[in-house]
Amino acid sequence: SRHPFQRLVSAFLDFKERPSTRMAKGSFTSFLTSSVLKNNPSCIGGGCVGITNHHWRPIDTSCSFCALNFTVLSSMETFAEDFTCISSRFGIPTVPEAKRVRGGSKIKELTSKFFADVPEHVKEKLKRIYRLDLAMFGYEANI
């Protein structure tokens, strides 16, 4: 997993670079309200529902994690270390491959910048949607 609000900024930056999509043609707040919040169900008490865009899908709709017995959880902040440990258990190469992550080492600053103008009611909706992501990985909800 990766901090959900950083994933949102990364997706927004990625979509802005693609001429083939209209998803990020407006402001970041517009992107949040018209794309992310438009249809984003969440799993409550088991029985996951709906599938949303994989760029910003909450952890509880990514799979039926409530029905699986996970033995390992990893976060993007410790991905290289986690990947090395997990892959060594299975005898696979221990060099992780990075894929289309926008923002790089400046993602925290970019996230703060992009969320600065987002109305509080939009932030509260996002916090509700991503409450399990925030809780499971100990991420801060203050944006």
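Which residues touch the most other members of the largest nonpolar core? I began there, keeping in mind that this is a predicted model, in which local features need pLDDT of at least 70, side-chain atom pairs count only at pLDDT 80 or more, and totals for chains, interfaces and linings use all residues. Residues are numbered from 1 along each chain as its sequence is written, and side-chain values use heavy atoms, with hydrogens and water left out.

**Core.** I took a nonpolar core as a set of buried (under 20% relative accessible area, 1.4 Å probe, protein chains only) Ala, Val, Leu, Ile, Met, Phe, Trp, Tyr and Cys residues joined through side-chain atoms within 4.5 Å. The largest has 25 residues, and Leu8, Phe28, Phe31, Leu32, Phe115 and Leu126 touch the most other members. Two or more residues come from each of helices H1 (4–17), H2 (28–36), H5 (107–115), H6 (120–129) and H7 (131–137), helices being DSSP runs of H or I, at least four residues, numbered from the N terminus. H1 gives the most, with seven residues.

**H1 against H2.** I found these helices packed at an angle of about 100°, their axes 11 Å apart, the axes being lines fitted to C-alpha atoms over the stretch in contact, with angles from 0 to 180 degrees between N-to-C directions. That makes H1 roughly perpendicular to H2 (65 to 115 degrees). Leu8, Val9, Ala11, Phe12 and Phe15 in H1 meet Phe28, Phe31, Leu32 and Val36 in H2, with contact meaning heavy atoms within 4.5 Å.

**Phe31.** Leaving aside neighbours within four places in sequence, I listed the contacts of Phe31, among them Met23, Ala24 and Trp56.

Definitions and conventions:
Buried means under 20% relative accessible area, exposed over 50%, partly exposed in between (1.4 Å probe, protein chains only). Angles under 35 degrees count as roughly parallel, over 145 as roughly antiparallel, 65 to 115 as roughly perpendicular and the rest as oblique.
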